[in-house]
Amino acid sequence: MAQAASPIEREGLYDEESTVDYDCKDGRDASEYQLRWINVMNKGSYNCPENYSRVEVLLLRWDDTCDDMTTQHEVGQLKDVFEKEFNWHTELHCLNNKIEGRLQLQINAIVAAWVNKYSKPNALLFVYYAGHGRPGTAFGQLELMGDRRQSSPNDDKRKRLNSIVWNKTEELLKPAEADVLEIFDW
């Protein structure tokens, strides 16, 4: 009687069979999955996940004039990794509270344009933020700022000009056709 093919064998996901002869099917499958992992990593097949036709990365940091964390170098290194190691397309935007106009409108315009340009089925939209953050005044609210000394929770006008309520911007990601991943490094 022929033995049933394992999931790995059915999918043709490895180049060679395991050299270990297991009596237990679970042990054999575990060995084959380990072999698959090694082969995928050796070939660099992890560059674009199988479920996504594209990965688009939006990197958000503060302009050097309003960034007391100095995230420029860190975000630059991350951008290089995403582009060179994973072959993902990246866009880097520096937020600036020194230019005319409300900061909330600035980030909303950036995110809305990015979502409109890259939201497609089978795509992953990856948002990465580097800067300060704190809980907002409303439950579940997240406020982002470049310099933690720029605004105090009690100074409403100054807070409006120097901080972002991420929850307002996040609403622009919800209608995306793509999957969305958000990471905040604060």
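**Notebook: aromatic rings, cores and sheets**

I began with the rings: Phe82, Phe86, Trp88 and Phe126 make up one aromatic cluster. Before going on, I noted that this is a predicted model, where local features need pLDDT of at least 70, side-chain atom pairs count only at pLDDT 80 or more, and totals for chains, interfaces and linings use all residues. Residues are numbered from 1 along each chain as its sequence is written, and side-chain values use heavy atoms, with hydrogens and water left out.

**Entry 1: the ring pairs**

I wanted to know how a ring pair gets described. The distance of the centres and the angle of the planes do that for a pair of aromatic rings. My cut-offs: rings of Phe, Tyr and Trp (its six-membered ring) pair if their centres lie within 6.5 Å, and planes under 30 degrees apart are stacked, over 60 edge-to-face, the rest tilted.

Searching the whole structure, I got six aromatic pairs. One of them is Trp88 with Phe126, edge-to-face, at 6.3 Å centre to centre and 65° between the planes. Trp88 sits in the loop between α3 (72-85) and β2 (89-95) while Phe126 is in strand β3 (residues 123-130), so this pair ties together parts 38 residues apart in sequence. For the element names, I used DSSP runs numbered from the N terminus: helices are H or I with at least four residues, strands are E with at least two.

**Entry 2: the cores**

Next I looked up nonpolar cores, which are sets of buried Ala, Val, Leu, Ile, Met, Phe, Trp, Tyr and Cys residues joined through side-chain atoms within 4.5 Å. The largest has 23 residues, and Leu60, Trp114 and Trp166 touch the most other members. β1 (54-62), α4 (103-118), β3 and β5 (142-145) are the elements giving two or more residues to this core. Which element gives the largest share of this core? It is α4, with seven residues.

I then listed the contacts of Trp114 (heavy atoms within 4.5 Å). Leaving out residues up to four places away in sequence, Trp114 touches Glu56, Val57, Leu58, Glu91, Leu125, Phe126, Val127 and Leu173.

**Entry 3: the sheets**

Strands pair here if DSSP finds at least two bridges between them. I found an open sheet of four strands in the order β2-β1-β3-β7, with parallel pairing. The edges are β2 and β7 (179-185), each with a single partner strand, so one side of each has no neighbour in the sheet. In this sheet, β1 and β2 pair over seven bridges in the parallel sense, and Thr90 in β2 is the bridge partner of Val57.

I also have an open sheet of three strands, ordered β4-β5-β6, with antiparallel pairing. β4 (132-135) and β6 (164-165) are its edges, each with a single partner strand, so one side of each is left without a neighbour in the sheet. Two bridges join β5 to β6, and Glu143 has Val165 in β6 as its bridge partner.

Most residues other than glycine have a negative phi. Asn87, in the loop between α3 and β2, has a positive phi near 60°. Asn122, in the loop between α4 and β3, has a positive phi near 65°. I checked accessibility too: Asn87 is exposed at 55% relative accessible area, and Asn122 counts as exposed at 52%.

How values were computed:
Buried means under 20% relative accessible area, exposed over 50%, partly exposed in between (1.4 Å probe, protein chains only).
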